[in-house]
Amino acid sequence: MNEMDQIMNEHSRYLVRIAYLYVKNWSTAEDVVQEVFVTYFQKSDQFRNEASIKTYLTKMTANRAKDYLRSWKHKKDVVFETIFVSSKSSEQQLLEQEQLASLEKHLFQLPLKYREPLLLYYYDEQSIADIAEFLGLNENTVKTRLRRAKLQLKEFFAEEEAETYERF
């Protein structure tokens, strides 16, 4: 097994999950990671070993995913999905979709500096130390951002619940 295969086998699954946190679509996340690997192997001589290869590829993946979110293709896809996605008839599925949409809405209302550590900690199950290294922050800063993110999410849900009860 050559170096390229080894790096891809070791990191691809993890990087796809990271990309998914940003783009919220598995096939797009896979495309983002594929682009990251192509770029890395084209420019691997520029890697200076200042961080681990995992950290370097993760940072590339996050940046590429952010680039995708700013792209015209993403904006076009969002409009297409909004217009043509069919709704499901089951009440339970509808309720689950509403809960997921509410969580997603509130999650994406958070500033990126709070959202990133929250997603890395709870979704990707990374340690505080790993998140601090990845984001280039102090561990206490990561803990503070996690706490503030959770508090903001609680406030968002409390406001939403209060609005719901006011309607009735």
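Modeller: Helices here are DSSP runs of type H or I with at least four residues, strands are E runs of at least two, and both are numbered from the N terminus. The model is predicted, so local features need pLDDT of at least 70 and side-chain atom pairs count only at pLDDT 80 or more, while totals for chains, interfaces and linings use all residues. Residues are numbered from 1 along each chain as its sequence is written, and side-chain values use heavy atoms, with hydrogens and water left out.

The protein has eight helices and zero strands, and its pattern along the sequence reads α-α-α-α-α-α-α-α. Of its 168 residues, 30% are buried, that is, under 20% relative accessible area with a 1.4 Å probe and protein chains only. Taking contacts (heavy atoms within 4.5 Å) with a separation of 6 or more, 64% join residues 24 or more positions apart.

Rolling a probe the size of a water molecule over the atoms shows where empty space is left. A cavity is a set of points, on a 1 Å grid over the protein atoms alone, where a 1.4 Å probe fits but cannot get out, and its lining residues have an atom within 4 Å of a point. The structure holds one cavity of 30 Å³ or more, and the largest cavity has a volume of about 80 Å³, a volume being the space filled by probe spheres set on the points, which are joined across faces, edges and corners. Its lining consists of Ile18, Leu21, Tyr22, Phe108, Leu112, Arg115, Glu116, Leu119, Leu120 and Phe134. By class, eight of the lining residues are nonpolar, none is polar and two are charged; here Ala, Val, Leu, Ile, Met, Phe, Trp, Tyr, Cys and Pro count as nonpolar, Asp, Glu, Lys and Arg as charged, and the others, Gly among them, as polar.

Turning to the packing, a nonpolar core is a set of buried Ala, Val, Leu, Ile, Met, Phe, Trp, Tyr and Cys residues joined through side-chain atoms within 4.5 Å. The largest such core has 37 residues, and Leu57, Leu110 and Leu118 have the most contacts inside it. H1, H2 (26-42), H3 (53-70), H6, H7 (128-135) and H8 (139-167) each supply at least two of its residues, with H1 giving the most, nine. Beyond its neighbours within four places in sequence, Leu118 is in contact with Leu107, Leu110, Tyr123, Leu146, Ala149, Lys150 and Leu153.

Thr58, in helix H3, counts as buried because its relative accessibility is 2%. Setting aside residues up to four places away in sequence, Thr58 touches Tyr14, Leu15, Ile18 and Phe134, and of these Ile18 and Phe134 also belong to the cavity lining. Thr58 lies 25 residues from Val33 in sequence, with their C-alpha atoms 9.4 Å apart in space. Thr28, in helix H2, is buried because its relative accessibility is 11%, and beyond four places in sequence Thr28 is in contact with Val23 and Tyr68. Ser102, in helix H5 (residues 91-109), is likewise buried, at 10% relative accessibility, and its contacts beyond four places in sequence are with Phe157 and Glu160.

Notes
1 Å grid on protein atoms, 1.4 Å probe; cavity = no way out; pocket = protein on both sides within 12 Å on 5 of 7 lines; lining within 4 Å. Buried < 20%, exposed > 50% of the residue type's maximum accessible area, 1.4 Å probe, protein only.
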